[in-house]
Amino acid sequence: METVSLDLGLSWWRRLVGRNPLVRTSDRIEAMARALAVVVAMMAVPCVGAFATEIREARATSYELQAIDRHETAAVAVADSRLHSRANGQSFDVLARWVAEDGVHVDVVPVADVVRAGDHVGLWVDARGRRVDAPTPSGRASTEAVGWAVLSWSAVAATAALAVHGLRRRLTSARYLEWDRALEALAGGGGRTSY
C-alpha cells in the first residue's frame, strides 16, 4: 500500500520550530529568513495602502484644480494648417488667434485634421488665456494610486525574496563546505578509504 502525504508548503515551518535533530542551524536560519520575508511582505500592505491613499488625494486635488483653472475656448485659424510627416504617422498644426481676458493671443496649435484659414479651432486655456493641455480626468488619480501601490508592494516583496535567495545561496555554499570537510574527515584526511 502506498502512502501519500500532503505537505502544503509548510516544511520550512517545521524546520524552524521542529525538534528534528537532523535539521541544521543553517536550515533554521533559512527558515527564519523565509518567515521574516513573509512578515515583511504582509506588513508592507498597510504602509503601501497609506502611500497609495496619499497619492490619490494629492493627484485628485491637482486634477480638480486643473478642472477649475482650465476651460475650453474657440480660436480662429489665421492660416491653413501645416502637415508634419513623421516615421510613425502625421500631425497637423495651425497658427490660431483667440481672445482672453488679458488680450489677444496668437500661437501655433496642434489640430487633429486639415484646417483652413477662418475655421474655428477648439483649445484649452488657463485663467490668463495661455494655451494649456486639457485637464486630466479626476478618475485617473485612483488608477495612478493603484499602480503605485502595486509597484511599491512588488518592490518590497521582490527585495525580501532576493534577500532570502542571497542568504540561501550563501548557506548552501556553507553546507557544501561542511559536507566536504566531513567527507574528508571520514576518508581519513588522505582522500582514500582503507578497507
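From the N terminus on, the elements of the protein chain run α-α-β-β-β-β-β-β-α. That makes 3 helices and 6 strands. Helices (H or I, at least four residues) and strands (E, at least two) are DSSP runs, numbered from the N terminus.

The model is predicted: local features need pLDDT of at least 70, side-chain atom pairs count only at pLDDT 80 or more, and totals for chains, interfaces and linings use all residues. Residues are numbered from 1 along each chain as its sequence is written, and side-chain values use heavy atoms, with hydrogens and water left out.

**Whole chain**

Show the surface. The accessible surface of the protein chain comes to about 14,200 Å², and 59% of it belongs to carbon and sulfur atoms. These areas come from the Shrake-Rupley method with a 1.4 Å probe; for residues, only the protein chains shown count as cover. Of the 195 residues, 25% are buried. Buried means under 20% relative accessible area, exposed over 50%, and partly exposed in between (1.4 Å probe, protein chains only). Now think about contacts, meaning heavy atoms within 4.5 Å. Among those between residues at least 6 apart in sequence, 55% join residues at least 24 apart.

**Stop 1: helix α2**

Select residues 25–69. This is helix α2, with 45 residues. From first C-alpha to last it reaches 65 Å, close to the 66 Å expected at 1.5 Å a residue. The expected span is 1.5 Å times one less than the number of residues.

Go to Val 45. Here α2 bends by about 30 degrees, and a proline, Pro 46, follows within four residues. The bend is the angle between axes fitted to the seven residues ending at a residue and the seven starting there.

Move along α2 to Gln 66. Gln 66 is buried, at 16% relative accessible area. Leaving aside neighbours within four places in sequence, Gln 66 is in contact with Pro 135 and Thr 136.

**Stop 2**

Select residues 120–125, strand β5. Show side chains; they alternate along the strand. Val 121, Leu 123 and Val 125 point to one face and are buried.

β1 and β5 pair in the antiparallel sense over 6 bridges. Two strands pair if DSSP finds at least two bridges between them. Glu 72 has Trp 124 in β5 as its bridge partner.

Val 125 has Arg 131 in β6 as its bridge partner. The hairpin of β5 and β6 has 5 residues between the strands, and its Gly 129 takes a positive phi near 90 degrees.

**Stop 3: Trp 124**

Centre on Trp 124. Its relative accessible area is 26%, so Trp 124 is partly exposed. Beyond four places in sequence, Trp 124 touches Arg 70, His 71, Glu 72, Arg 130, Arg 131, Val 132, Asp 133, Ala 134 and Pro 135. Trp 124 and Pro 135 are 11 residues apart in sequence and 8.4 Å apart in space, C-alpha to C-alpha.

**Stop 4: the aromatic pair**

How many aromatic pairs does a search of the whole structure find? It finds 1. Select Tyr 176 and Trp 179: the pair is tilted, 5.5 Å centre to centre, with 50 degrees between the planes. Rings of Phe, Tyr and Trp (its six-membered ring) pair if their centres lie within 6.5 Å; planes under 30 degrees apart count as stacked, over 60 as edge-to-face and the rest as tilted.

Tyr 176 and Trp 179 are 3 residues apart in helix α3 (residues 140–186), so about one helical turn separates them. An α-helix has 3.6 residues a turn, so residues three or four places apart point the same way. Tyr 176 is partly exposed at 48% relative accessibility. Trp 179 is partly exposed at 43%.
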